[in-house]
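Please read the sequence and the coordinates below side by side.

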Amino acid sequence: MKQLPRSALGFTLLEVILVILMLGLLVSAVVVNFSWDSRDDQLEQEAKRFQQLFHFAAETALMRQQEWGVQIKPNGYQFLVYLPEDDIWQPVESPASLGWHDLAGQQQLKLELEGLPWQEDSMLGALNWQNERLEHLQTDDEDEVVLPHIFILSSGEITPFELLLQDESQRPFWYVQLRGEFSIPLQRSTVETTPP
């Protein structure tokens with residue numbers, strides 16, 4: 001009987017196992033890459049998070065007849081509640097999602113409170129909140145004042161504002177704008193590559 005050349009016999013068990021293993025690794029790498037959110041998706045999720053928390057805070061302030069607010073910094077934000085008996089603004093402790101929130105990656109916030117076209121119609125548009133009493137509202141850090149930039153009143157009225165959430169870590173730059181005119185709901189733009 002004539003022996004067939006090695007190439008005609010087929011694959012060995014070891015070769016088949018190696019091919020299956022390599023295919024498994026490739027498939028898992030593709031699944032991991034697809035499960036990560038893109039930069040614009042992350043920006044959209046961050047904008048939705050702020051919008052939902054803001055609506056929750058506004059409804060809570062109205063229901064409990066409390067004065068609430070939001071302190072905005074370039075790298076994050078937190079919700080505050082006014083304690084009239086102590087005459088101070090205090091960070092909200094419960095639920096924890098209303099506490100200080102750091103933005104992910106290279107995202108930044110830019111708040112605009114002045115010169116908004118609809119601002120003049122709102123009593124809160126020109127609010128100058130007790131500047132003479134800022135000494136009483138300081139925390140342990142002498143430079144840090146716990147005072148909201150955006151007020152959420154028990155009447156349902158909010159400070160007019162435009163909040164730009166941006167990611168300029170790499171091109172294309174991404175931007176989402178949140179806007180509050182007089183009350184909730186906030187208006188949110190889609191993710192865009194040009195600032196609004």
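How much space lies in the largest cavity? In this predicted model, the largest cavity holds about 40 Å³ of space. The structure contains one cavity of 30 Å³ or more.

The lining of the largest cavity consists of E46, A47, F50, Y77, L103, L109, L163, L165 and L178. By class, eight of the lining residues are nonpolar, none is polar and one is charged. Glutamate counts as charged, so E46, listed in the lining, is the charged member. Two elements, helix 2 (39-64) and strand 7 (161-167), each supply at least two residues of this lining. Helix 2 gives the most, with three residues.

The cavity can now be placed within the overall fold. The protein chain comprises two helices and nine strands. Read from the N terminus, the order is α-α-β-β-β-β-β-β-β-β-β. Of the contacts between residues at least 6 apart in sequence, 62% join residues at least 24 apart. Buried residues account for 36% of the 196 residues in the protein chain. The accessible surface of the chain is about 12600 Å², and carbon and sulfur atoms hold 57% of that surface.

The bond from R171 to P172 is cis, with omega near 0 degrees. P172 is located in the loop between strand 7 and strand 8 (174-180). A cis peptide bond also joins I184 and P185, where omega is about 10 degrees. P185 belongs to the loop between strand 8 and strand 9 (187-188).

Positive phi values form the next topic. Q65, a residue other than glycine, has phi near 55 degrees. Q65 sits in the loop between helix 2 and strand 1 (68-73). The relative accessible area of Q65 is 53%, and Q65 is therefore classed as exposed, the cut-off for that class being over 50%.

D87 is likewise not a glycine, and its phi is positive at about 55 degrees. The loop that contains D87 runs between strand 2 (76-83) and strand 3 (88-91). Is D87 buried or partly exposed? D87 is partly exposed, because its relative accessible area is 22% and buried means under 20%.

Notes: Residues are numbered from 1 along each chain as its sequence is written. This is a predicted model: local features need pLDDT of at least 70, side-chain atom pairs count only at pLDDT 80 or more; totals for chains, interfaces and linings use all residues. Side-chain values use heavy atoms; hydrogens and water are left out. Helices (H or I, at least four residues) and strands (E, at least two) are DSSP runs, numbered from the N terminus. Buried means under 20% relative accessible area, exposed over 50%, partly exposed in between (1.4 Å probe, protein chains only). Contact means heavy atoms within 4.5 Å. Accessible areas come from the Shrake-Rupley method with a 1.4 Å probe; for residues, only the protein chains shown count as cover. On a 1 Å grid over the protein atoms alone, a cavity is a set of points where a 1.4 Å probe fits but cannot get out, and a pocket is an open set with protein on both sides within 12 Å along at least five of seven lines; lining residues have an atom within 4 Å of a point. Grid points are joined across faces, edges and corners, and a volume is the space filled by probe spheres set on the points.
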